[in-house]
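Subject: Structure handover

Hello,

Here is the structure I promised to pass on. Please have it open while you read the notes below it.

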Amino acid sequence: MKSDKEDEYIKAFYENRKTKNFTILGIIIFLVVLFFFITILRMDITG
């Protein structure tokens with residue numbers, strides 16, 4: 001059987017992974033929105 005220490009380590013590992021995944025998702029969404037606004041601004045300037 002797994003010890004309590006292993007269980008705590010596994011829980012901490014997945015919690016850290018989850019936090020990292022949400023951070024990366026936020027950065028990706030930010031970049032998508034940024035490129036969208038840059039594209040809109042470029043259309044207005046050249047149009």
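Two aromatic pairs are present in this predicted model. Rings of Phe, Tyr and Trp (its six-membered ring) count as a pair if their centres lie within 6.5 Å; planes under 30 degrees apart are called stacked, over 60 edge-to-face, and the rest tilted. One of the pairs joins Phe13 and Tyr14: the ring centres are 5.4 Å apart and the planes stand at 75 degrees, so this pair is edge-to-face. Phe13 is partly exposed, at 37% relative accessible area, and Tyr14 is partly exposed too, at 47%. Here buried means under 20% relative accessible area, exposed means over 50%, and partly exposed lies in between (1.4 Å probe, protein chains only).

On the conventions: residues are numbered from 1 along each chain as its sequence is written. Because the model is predicted, local features need pLDDT of at least 70 and side-chain atom pairs count only at pLDDT 80 or more, while totals for chains, interfaces and linings use all residues; side-chain values use heavy atoms, with hydrogens and water left out.

The protein has one helix and zero strands. Helices (H or I, at least four residues) and strands (E, at least two) are DSSP runs, numbered from the N terminus. Helix α1 covers residues 4-46 and contains Ile29; Glu8 is also found in helix α1.

How many of the 47 residues count as buried, in percent? The figure is 0%. Ile29 counts as partly exposed, at 48% relative accessibility, whereas Glu8 counts as exposed, at 57%. The protein exposes about 4900 Å² (Shrake-Rupley method, 1.4 Å probe; for residues, only the protein chains shown count as cover). Carbon and sulfur atoms supply 69% of that area.

Regards
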